[in-house]
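Dear colleague,

The sequence and structure are handed over below. Please read the notes that follow with the model open.

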Amino acid sequence: MSEQGPGQRLRIPPAAIAGIILAALCGLALYIRIALPYDQVFVNDWVWFRDTDAYYYIRHIENLVHNFPRLNAFDPYMLYPGGSVGLHRPLLAWLIAGVALLIGGGSPAQHTIEAVGAYIPAILGALTLIPVYFIGKELFNRWAGLIAAALVAILPSEFLHRSLLGFTDHHVAEVLFSAASMLFFIMAVKRAREREISFRHLLSRDWATIRKPVIYALLAGLFLGLYLLSWVGGLMFVFIMCAYLVVQFIVDHLRHKSTDYLCIVGTPLFLIAFLMLLPVLDEGSRDAAYRVAMSLAIVTPVVLSLISRFWAGRAWKPIFYPLTLLGLAGIGLALLRAISPSLLTFMLRQFSIFAPAGARLTVMEVQPLLFPGGNFSFQIAWANFTTSFLISFIALAMLAFATVKARSAERTFFLLWSIIMLMAVLGQRRFGYYYVINAALLTGYFSWKMLDLAGLGKLLAGPRQAVTAAKEFRKRPKKTRDKSRPRTFMQPRGAWLRVIAVGIALFFLVFFPNFSGASRLAGTPNFVIHEGWYTSLQWLRDNSPEPFGDADYYYQLYPPRAGFEYPGTAYGVMSWWDYGYFITQIGRRLPNANPTQAGARQAGRYFTAQDESSANEQLDELGTRYVVIDYTMPTGKFYAMVEWAGLSRDEFFDVYYQRGEDGSLSPITLYHTAYYRSTAVRLYNFAGQAVVPQESVVVSYEEEIAPAGVRYKEITGAWFFDTYEEAEAHMAEQEADNYRIVSPNPFSSPVPLETLDSYRLVHETDSGIQMYDMDLPHVKIFEYLGH
């Protein structure tokens with residue numbers, strides 16, 4: 001704070017003002033993330049987490065608390081048969097388990113473990129505002145940084161969703177540590193470029209020149225290492241940094257600038273991160289790719305620098321430098337392909353995040369941002385980013401022009417980082433939790449530029465000028481003072497009115513559209529788990545045999561996969577893969593499929609099987625004893641089962657159009673006989689009992705083409721029969737194949753069904769699901785008698 005003399009006004013430095021505002025924003029972020037969803041997470045004596053993967057983490061954390069700091073490299077509870085690997089990247093689990101052990105005095109209660117696990121994501125989410133602010137300050141100014149931090153606090157994005165109370169997953173840790181790493185990388189590059197550091201400074205030990213850039217580079221490496229310890233897919237940010245270094249090496253070489261500083265910053269950064277990661281790497285193909293990628297990242301700045309120096313020393317044309325790099329890259333890929341084609345294929349496959357395909361698209365978070373379900377829609381982009389999504393495109397163009405003009409290395413990095421993250425989020429909506437940082441910073445930059453154009457930049461410089469003028473005025477003798485007084489920073493008032501008007505417009509453009517979305521998202525009831533699932537799996541835990549004979553085996557350290565054998569008492573629980581971690585953590589049982597999509601194809605084949613013997617073959621192969629099914633599996637999730645089974649949806653159901661009296665077409669979903677014969681429908685919809693149809697309907701249809709070129713099926717006729725046999729006979733009389741036996745109600749079968757003798761209904765929740773004028777239980781559990 002500046003000194004205050006007699007009669008002087010107290011003046012708070014801008015840095016202190018920014019710090020106060022940032023602290024308030026962090027408090028607001030905590031309020032949104034903790035207070036609003038509190039009653040949805042802490043229910044009675046339970047903790048209901050907001051994500052299926054949270055139950056995966058809590059399972060590992062429970063085990064880690066009993067064996068701290070040792071983690072299982074293999075977990076037999078995660079999948080049956082075969083088990084699953086343990087946590088690939090354990091940082092978040094270590095953090096939560098460590099805090100729980102401290103709070104619990106070395107032996108925390110189950111509720112303490114779960115409560116700590118619920119709070120940590122919200123705290124990490126609020127802390128993320130700090131590196132965002134400083135990135136904005138380094139790239140633009142502190143006010144742009146504050147706007148960006150405010151947006152990160154309130155944008156109703158994937159980041160807000162994944163940093164809410166109870167969303168115990170690594171995503172928020174990824175964002176915090178990657179943002180911190182990007183901050184220190186920007187600071188290292190900026191300081192190194194300003195000071196023009198070179199190898200000469202290193203050799204002469206000129207610490208005064210190189211100290212700050214090297215410290216920032218090491219901090220960037222530290223946080224990159226923490227990031228890599230948080231997520232197994234962390235090579236994405238290593239790729240971003242390496243891509244930038246290649247671009248900046250080429251740009252500097254073409255401009256005849258020294259490239260030493262890039263090597264001095266880049267190599268120690270990657271080395272620190274790699275050394276932090278080494279202890280957790282295993283012998284699998286994924287971690288083999290990590291070893292290769294990180295080794296390449298370490299040596300790349302060295303190689304690029306040596307080649308640059310070699311070319312510059314011979315005064316060869318600079319254009320040959322990028323051509324040489326391109327040739328070396330081609331040779332490297334060819335060598336890698338010759339040495340290990342599978343490793344090269346695995347590494348290249350990681351770029352599929354930008355264009356996922358196949359059955360993976362049935363996973364909601366994997367769908368493209370602008371093409372959910374294969375059709376263009378701006379709805380998800382707006383729900384995540386509101387106006388910031390469009391503003392970020394405008395700001396990218398503005399910033400690209402300014403960067404080229406100013407030749408700013410740190411802004412070049414930010415541009416490349418933003419473009420790659422934009423490509424990622426367009427490919428998969430889940431990466432919105434990363435792009436929120438870029439979108440907020442770009443919007444902060446845009447907002448500041450608008451305020452600057454309105455005159456705010458000059459006005460903020462006014463107080464300093466006014467203070468200087470006032471001091472000079474007071475120093476002058478009274479007789480020589482002019483009658484005019486020095487201007488205050490509030491003059492001219494017209495300029496301030498213009499700035500205020502632009503500020504109000506920006507408030508309604510940038511901030512206001514986010515308020516309702518953020519409060520709605522944070523306060524939305526927990527849709528991930530329902531009380532029916534919780535109580536059903538607790539029932540299963542209490543009323544089914546222990547798969548390993550001893551309940552405490554859940555907390556043991558297990559031998560490696562190669563040396564592990566399941567006992568004869570072990571068995572699996574069949575459900576859709578979404579619920580695998582629920583079955584493990586709440587039920588303490590062994591799922592046949594889990595949210596890694598392991599077992600998803602077998603589960604899809606089982607639930608879509610058309611006869612009991614085919615379904616039983618699947619369960620016998622998997623060693624299943626219980627089947628847990630909820631109301632969504634034969635309804636909203638059924639299409640995903642069909643996809644994973646490798647079948648076509650129109651075998652089971654289709655959307656038809658019927659023409660009304662006014663000539664308009666209206667859609668209707670009709671279910672085919674294969675749908676009713678599927679195991680999922682027979683178990684949940686009809687409880688495995690025999691069904692005699694009350695009515696069977698036959699429809700005929702014609703395939704038409706809409707003006708937009710889209711094909712659709714229009715119903716041309718409908719016949720109603722008292723029995724399925726009559727409907728089948730009518731079908732047999734038709735020469736064309738455009739006839740179907742259908743029903744519009746998934747709970748009213750047009751085809752007779754036999755009793756499923758191999759299954760016994762052992763548990764169902766109380767009714768509470770209203771669907772098709774029926775009051776249905778949320779979850780049903782069947783015992784497989786053929787086990």
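**What was found**

Y656 stands opposite I668, a residue of strand β8. This is in a predicted model. The two strands concerned are β7, residues 653-659, and β8, residues 665-672; they run antiparallel and are joined by seven bridges.

Both strands belong to a barrel. Five strands close into it, in the order β7-β8-β11-β9-β10, and the pairing is mixed. From one strand to the next, the twist averages 55 degrees.

Four bridges join β13 (residues 767-771) to β14 (residues 774-777), and the two strands run antiparallel. One of the bridge pairs is S767 with P777, the latter in β14.

The last item is a residue in a helix. L336 is found in α15, which covers residues 320-339. Is L336 buried or exposed? Its relative accessibility is 18%, and the cut-off for buried is under 20%, so L336 counts as buried. Between L336 and V132 there are 204 residues in sequence numbering, and the C-alpha to C-alpha distance is 38 Å.

Regards

Note on methods. Residues numbered from 1 in each chain as written. Predicted model: local features only at pLDDT ≥ 70, side-chain atom pairs only at ≥ 80, totals over all residues. Heavy atoms only, no water. Pairing = 2+ DSSP bridges. Axes fitted to C-alpha atoms, helices over the stretch in contact; angles between N-to-C directions. Buried < 20%, exposed > 50% of the residue type's maximum accessible area, 1.4 Å probe, protein only.
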